[in-house]
Amino acid sequence: MSLNRSIYLFSRVQHRLSSLAPRGTGALPDSRVCPAFGAAAALKHGSHSSTSSCRHVSSNSSSPGTPDTSLFVPLTLKFDGSVDGSVGVELTQTLDKNELLKLLNRFYKRKEIQKLAADQGLDARLFHQAFISFRKYVLELTSLSADLHIILNDICCGAGHIDDIYPYFMRHAKQIFPMLDCMDDLRKISDLRVPANWYPEARAIQRKVIFHAGPTNSGKTYHAIQRYLAAKSGVYCGPLKLLAHEIFEKSNTAGVPCDLVTGEERMFMDLEGRASGHVACTIEMCSVTTPYEVAVIDEIQMIRDSSRGWAWTRALLGLCAEEIHVCGEPAAINFVRELMYTTGEEVEVHTYQRLTPFSVLDSAVESLDNLRPGDCIVCFSKNDIYSISRQIEARGLECAVIYGSLPPGTKLSQAKKFNDPDDPCKILVATDAIGMGLNLSIKRIIFNSLVKPNVNEKGEKQMDTISTSQALQIAGRAGRFSSKFKEGEVTTMYRDDLPVLKEILSHTVEPIETAGLHPTAEQIEMFAYHLPDATLSNLIDIFVSLSQVDGMYFVCNVDDFKFLADMIQHIPLNLRSRYVFCTAPINKKQPFVCTSFLKFARQFSRDEPLTFNWVCRLVSWPLTPPKNIKDLVHLEAVHDVLDLYLWLSFRFMDMFPDTTLVREIQQELDDIIQDGVRNITRLIRAADPLQAQSSKSSIAPPSGSTSSRGQRSGGDARKVMDSSLSSRLVRDGLLTPDLLRQLQREWSKQSQTPEEEVTDQGKLGTGSLNNNKGKKKKKK
C-alpha cells in the first residue's frame with residue numbers, strides 16, 4: 001500500500017474519531033461530551049470518582065419516576081458499510097467472527113458494564129435487547145465502521161481492554177432506543193403536575209366560583225341556568241348532547257339568543273352565522289379562550305370519570321368567565337375547593353334539598369304482572385331490555401324503550417310517548433341512560449339488576465355492583481318535580497336484591513379526590529419530534545408511563561384512543577390528523593362503525609373528499625325498515641357512522657363537504673329507527689320466533705345475575721321452554737288456545753301444595769272436579 005494511500009486512510013480514521021469527540025484527545029472522547037465514554041474510561045482505569053459523578057447526574061434525571069421500559073420498542077436500523085468501506089481491514093486485519101463472539105459474550109456478562117448501562121437508562125430488559133442488536137450488528141455486517149473495527153482488533157490482539165467496547169455499545173443502544181438520549185426532555189413534556197398553568201387567559205382574570213350542590217331533582221341546575229340567562233354572555237357545558245339541546249331550546253324560548261355546539265352539530269341563531277352571546281355545548285367542545293360573563297359546568301362529579309374526566313378538569317381550570325357556576329353532588333365540594341386553591345380562587349357554596357321525596361319500598365316487584373302505570377324498569381344490558389319489553393307486551397301492555405346507543409331523536413320520541421298522559425304507553429324499560437338528560441314522568445324505579453359492567457383503571461372490563469352515586473342518580477328520576485308524580489318510589493325486581501339496594505342507598509357518596517387529565521395534541525407532537533419513528537399508540541404509552549401528576553390528578557384511560565391509533569397505523573397520515581381521528585367518539589364494539597372509520601381514514605389519506613355519494617355507497621343508502629333486532633342494531637351503527645362523518649366534518653371541512661345532505665339522511669334514518677323501536681316486540685319475535693310468547697309468570701334473569709337468582713330462574717327456564725313448545729303446537733294446529741290455557745291452569749295446580757289446592761277449590765267451583773281427579777291419580 002502506497003504512503004499516500006496510508007496517510008489518506010489514517011486521516012479518515014482520525015477524522016472519524018475526532019467527530020465523536022471534538023474536545024477529546026487520544027482514543028477516547030471527553031466525558032463532558034459523552035458521559036458514556038467517560039464512564040468507560042473510568043471503569044478501565046479504576047477511577048471511582050468519574051463513575052459516581054456520572055451516576056449522580058443520571059439519578060437526577062430519573063428522579064421523577066422510572067419509566068415502563070416494556071413500552072420502549074427497539075428500532076430496526078439499516079447500516080450502510082459503503083462509507084468506510086474496508087478501511088478498518090486495510091489498517092488492521094480481518095476480524096475472526098468466533099473470537100468476536102467470545103469477546104462480546106464476555107462483555108455482556110460483566111457486572112460493571114451492566115451497572116454503567118443501568119445508569120444510562122438501560123435496565124436489564126433494554127440492556128439485553130440492545131446487546132442482541134449490537135452483537136448482530138458486529139457479527140453480520142460485512143464491514144464495520146473503521147473506529148469500531150480498530151478497537152475490536154486491538155482487544156483481540158491484547159492491545160486493548162474489553163471495556164473499550166462500551167462507548168460503541170451505548171452509541172448503538174441509543175440508535176435503537178432514541179428515547180434514552182432525550183429522556184429529560186420527554187419527562188419535561190409529560191410533566192402534568194400544574195395543569196392550572198396551561199390556561200393563561202383564565203389565570204389573567206379573577207374568577208368567582210359558585211358551587212350549586214344537591215341531589216337529583218333539587219333545582220341546583222335551575223338556579224345556575226337562571227343566572228346564565230340573565231348574563232350578557234354565557235356558556236353552558238353539559239355531559240350530553242340532549243342536555244345541551246335542552247338548554248339551547250330553553251334559552252331561545254326565553255328570548256335569549258343561544259347557539260348550539262356539539263361534536264357533530266353547530267346551530268347559530270344569527271342567519272349570517274355570527275356567534276351569539278350565549279352558547280350551549282357538550283363539555284368537550286367548550287372554548288377556553290372565549291371570554292364570557294357566566295359559565296355553567298353541569299355534573300361536576302364526572303371530573304373523576306376514568307375516560308372523560310379530563311374535559312371537566314379543562315373546563316373548571318380553563319374557562320374565561322367572570323363567574324363559574326358548578327353544579328353537582330355535594331361529594332365534590334371539598335375537592336373543587338382544593339382545586340381552586342391552586343388557582344387562587346375561592347368557592348362559594350349553595351346547597352339544595354330534593355324538591356320531592358322518594359322512598360325505598362319494603363317489597364320487590366317479583367313479577368311483571370305487578371307492574372303499574374308510571375313504572376320504569378332499569379336494566380344494564382340491551383339483552384335484558386329486549387327480553388323484558390317482549391314479556392311486558394306479551395301481557396297486553398305497551399312500553400317505551402330507552403338505551404344509550406339509540407339516536408337522540410329516538411330517545412326523545414320514546415320519552416315523549418311515555419310522558420304523554422293520552423298515550424296508552426305507561427311502562428318504561430331503560431338503561432341508566434335515563435340518569436341524565438331526560439325529563440321523565442316516573443312514579444316507581446325498579447332495578448332489574450344491581451350489577452353493571454364497568455371498565456377499571458387498567459382498562460379491564462369487570463362486573464361490579466353499582467355505586468351509591470349511580471344508584472342515587474337513577475333512583476332520583478322517580479317522582480320528578482315537574483312530573484305529575486309528586487312522590488317517588490324505588491324498589492327491585494327480585495326479592496334478594498332489595499336489602500342490597502337499601503344498603504347501597506344508606507351509604508354516603510364517596511368524596512371525590514382526583515380529577516382526570518389527558519395528553520394534548522401539542523404534547524404528543526413534541527414527543528414525536530424527539531421520537532419520530534415511534535407509532536402514535538407507542539407515543540401515548542410512553543407519555544403515560546413518564547407522566548408526572550400530583551395527588552389531585554390522574555391520567556384518563558387511553559385504551560379507546562390507542563385502539564383507533566393501532567387500527568389506522570398503516571394508513572399514511574400526518575401526526576395532527578392522526579391524533580384528531582383517534583379522538584373521534586366511536587363505539588369500538590360495533591364492527592361496522594370500526595370498518596367505516598378505517599375507510600374514512602383511508603379515503604382521507606388519499607386526499608380525496610368524502611362526498612355524499614361516497615357515504616351513501618358506504619352505508620348502502622337508502623335503508624329499509626328493520627325486520628328484526630339484528631337489523632335495528634345495524635341501523636343504530638349506521639347512525640353512528642353518519643355521526644362520525646359530521647364530527648369529522650367540523651375538523652376537516654374541505655374533506656367532509658356534504659354535511660347538510662348527510663344530516664338530512666340521518667334524520668330520515670332516525671325516523672326509521674323510531675318506527676323500529678316502537679315495534680320492538682315484533683322485531684324480537686321475528687328474531688326469536690320459538691320464544692315469542694313467554695309464560696306470564698316468567699321473568700328473564702338479568703345479565704350478570706347472582707348465583708342464587710340463577711338457581712331461582714331454573715323453574716322459569718322450564719316454563720319458557722314449555723311455552724315455546726306450546727306456541728309451536730298452537731301454530732301447527734295441534735293445540736287450540738283454549739286447551740293451552742286449560743293446560744296452563746292444570747300445570748300451575750300440580751305445582752301447588754295440598755293446602756293451596758284446598759283453598760283454591762272453593763274459588764274455582766267446577767274446576768274442583770278435575771283437581772280431585774288429579775289427586776286420586778296422584779294417590780294411586
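Guide: What follows is a short chat about rings, charges and a sheet in this predicted model.

Visitor: Why is the aromatic pair of F134 and Y137 called tilted?

Guide: The ring centres are 6.3 Å apart, and the cut-off for a pair is 6.5 Å. The planes make 40°; stacked needs under 30 degrees and edge-to-face over 60, so tilted is what's left. A search of the whole structure turns up 19 aromatic pairs.

Visitor: Where do F134 and Y137 lie?

Guide: Both are in helix 7 (residues 124-140), three residues apart, or about one turn of the helix. F134 and Y137 are both buried, too.

Visitor: What makes R266 count as sitting over the ring of F650?

Guide: Its charged end is 4.1 Å from the ring centre. R651 lies over the face of W647 in turn, 3.7 Å from the ring centre.

Visitor: How do you know that strand 1 and strand 7 pair?

Guide: Pairing takes at least two bridges, and six join strand 1 (residues 208-213) to strand 7 (residues 320-328), so they qualify. The two run parallel, and V209 stands opposite I324 in strand 7.

Technical notes. Residues numbered from 1 in each chain as written. Predicted model: local features only at pLDDT ≥ 70, side-chain atom pairs only at ≥ 80, totals over all residues. Heavy atoms only, no water. Phe/Tyr/Trp six-rings, centres within 6.5 Å; stacked < 30°, edge-to-face > 60°. Helix = DSSP H or I, 4+ residues; strand = E, 2+ residues; numbered from the N terminus. Buried < 20%, exposed > 50% of the residue type's maximum accessible area, 1.4 Å probe, protein only. Lys NZ or Arg CZ within 6 Å of the ring centre and 35° of its normal.
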